[in-house]
Amino acid sequence: MITREEIEEVVSKYDKSRITISTICSHSALQIFHGARELAFKTLGITTPDRKFVYEAFPLAKPDLFIEVRKFKDVLTREVQEKLIEENCVIIPHGSFVEYVGAVDIVNKLYVPMFGNRMVLLWESDRSKQREWFREAGLKTPREFKNPSEADCKVFVKYPGAKGGAGYFTADSIEELEEKIRSAIRRGLIKSLEEVSIQEFIPGVRYYFHFFYSLMLNGGFRVGEGGRLELLSMDKRIEPIDEAYRGLPNVPTEFFDYTVTGNQPLILRESLLKDCLDMGARVVLASQRLFPPGIIGPFCLETIYHPSRGFTVFEVSARIVAGTNLYPQSSPYTPYIFNEPMSTGKRIALELKKAMESGRLEEVLY
Ligand code: AMP
C-alpha cells in the first residue's frame with residue numbers, strides 16, 4: 001500500500017506554485033480541465049491515441065499537455081508516473097479512472113498525489129464495505145437477500161463491479177429469480193450465485209445528489225471537524241427502462257435494461273432538501289469514523305424517493321460523477337453558494353487553490 005507519508009514526501013518536493021491538474025481523458029475530464037483552466041491551473045490529459053482529437057475539439061477544456069498511453073492502466077507504469085511527478089501533477093479520480101486502473105491498484109501502486117482520500121475508493125468499490133458505511137451512517141438502504149429462497153418481495157439483481165447497470169434484472173418470484181440466476185451462470189455473466197447482489201426492489205423516483213465536502217471554505221453547512229458540506233447539483237440517470245412505455249402494449253424485452261446511457265437535470269422539492277443534506281452529512285460523519293480523515297471533495301448519493309417511505313440510498317460514488325457534466329457553468333443550486341459560475345470540476349480546482357494559498361495542500365491530497 002502506498003502510504004500517506006509516501007505521498008507527503010512526493011508533495012514536499014513539488015513546486016507548489018506550479019501544480020498541474022491531471023486525469024485520464026474520459027468520463028468528466030472535459031469538465032475537470034475546463035474548471036482547472038478557469039482558475040489558471042496547468043492541465044495534463046492522459047489519453048489513448050484514438051481519443052486525443054475529442055479533447056482537441058473543445059479548445060476551452062483541452063489539457064495543456066497530453067501523455068499518450070496504449071491503455072489507461074499504463075498510468076501505473078513507472079515511466080508515466082515519473083512524468084506526472086515531474087510536472088507537479090495532482091490526479092483527479094473519476095469513474096473511468098477508478099474503473100480502468102482499479103481501486104486496489106490505485107491504493108497499492110499509484111504514488112502520484114491524488115485529490116481527496118484514496119482510502120474511500122476501497123470503501124465504495126466493495127458492496128459489503130459500502131453497506132457497512134451506510135449502516136454506520138444510519139441510512140435507509142434496500143434489504144439484501146443472501147439466498148434466493150429468502151426473497152419475499154420483488155427483487156432487483158446486480159452483478160459485481162460498476163458496469164453501469166448492464167444486465168441487471170428484476171424478479172417477481174423465487175422461481176423467476178432462481179431461473180434468471182441459472183441463466184446468467186449459463187451465459188457466463190457470473191460464475192456463481194455468490195457474485196450477485198439480490199436487493200429488495202425499491203419503487204419511486206431516482207435522485208442522484210452531487211455533494212462536495214470542503215476542508216478549505218468556511219460558513220455554510222458545517223459538518224464534522226473543520227469542514228463544510230455543499231450540495232452542488234443533482235441529476236437523474238437515463239436508462240432504457242425509463243422509456244419502456246414506448247413499446248406498450250407489448251413492451252419488447254430489450255427495454256428491460258438498466259444500463260445508464262445519459263443524464264437529465266432535475267431539482268428537488270425544496271422541503272425535501274432537509275433530508276438530502278442530512279443524508280450527505282451522515283455519510284461524511286460515518287466516513288470520518290470509519291476511515292479518518294474520511295471523505296474529501298466530491299461524492300454522489302444515489303437514492304430512490306417514495307412519498308411514504310422517504311429516501312432509500314442504494315449506492316455511493318466517492319468521487320466526481322458523470323451526472324455533474326450537466327452543469328459546466330452553474331447548477332440550480334450553485335448560485336446560492338458562490339458568486340461566480342461553479343461546476344464540480346472547478347470546485348475541485350478551487351479547493352486545491354485555497355489549500356495551496358494557505359499552505360495546507362497535504363491535507364487534501366492522498
Ligand atoms: P447501480 O449500478 O447500483 O447504480 O444501479 C443502476 C440502476 O439500477 C439504478 O440507476 C436504478 O435504476 C436501478 N436500481 C439499483 N438498485 C435498485 C433497487 N434496489 N431497486 C430498484 N432499482 C434499483
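1. In which helix is the place of Ser96? Ser96 belongs to helix H5, which covers residues 95-101, where helices (H or I, at least four residues) and strands (E, at least two) are DSSP runs numbered from the N terminus. The model is a predicted one, in which local features need pLDDT of at least 70 and side-chain atom pairs count only at pLDDT 80 or more, while totals for chains, interfaces and linings use all residues. Residues are numbered from 1 along each chain as its sequence is written, and side-chain values use heavy atoms, with hydrogens and water left out.

2. Ser96 counts as buried because its relative accessibility is 12%, given that buried means under 20% relative accessible area, exposed over 50%, and partly exposed in between, with a 1.4 Å probe and protein chains only. Its side chain makes a polar contact of 3.0 Å with the side chain of Ser26; a polar contact is a pair of N or O atoms within 3.5 Å, and within protein one must be able to donate a hydrogen and the other to accept it, with residues adjacent in sequence counting only if both atoms are side-chain atoms. Apart from neighbours within four places in sequence, Ser96 is in contact (heavy atoms within 4.5 Å) with Ile24, Ser26, His27 and Val101.

3. His27, one of those contacts of Ser96, lies in the loop between strand S1 (20-24) and helix H2 (29-38). His27 has a positive phi of about 65 degrees although it is not a glycine, and with a relative accessible area of 25% it is partly exposed. Ala40, in the loop between H2 and strand S2 (42-47), also has a positive phi, near 65 degrees, but Ala40 counts as exposed at 70% relative accessibility.

4. The protein is divided into domain 1 (4-116), domain 2 (125-139 + 204-342) and domain 3 (144-200), with bounds that come from an automatic or database domain assignment. The centres of domain 2 and domain 3, taken over C-alpha atoms, are separated by 25 Å, and nine residues of domain 2 are in contact with 14 residues of domain 3.

5. The ligand lies between domain 2 and domain 3, because both give residues to the shell around it. Of the 16 residues around the ligand, those that come nearest are Lys158, Ile202, Tyr208, Glu239 and Glu315, where a residue is near a molecule if one of its heavy atoms lies within 4 Å of it. Strands S6 (155-158), S8 (197-200), S9 (205-214), S13 (297-306) and S14 (310-317) each supply at least two residues of this shell.

6. As for individual atoms, an oxygen atom of the ligand is 2.5 Å from an N or O atom in the side chain of Glu239, and a nitrogen atom of the ligand is 2.9 Å from a polar backbone atom of Ile202. The protein covers 95% of the 480 Å² of accessible area that the ligand has on its own, with areas taken from the Shrake-Rupley method and a 1.4 Å probe.

7. Two cis peptide bonds deserve a check. One runs from Leu248 to Pro249, with omega near 5 degrees, and Pro249 is in the loop between strand S11 (227-238) and strand S12 (262-265). Another joins Pro292 and Pro293, with omega about 5 degrees, and Pro293 is found in the loop between helix H10 (273-290) and S13.
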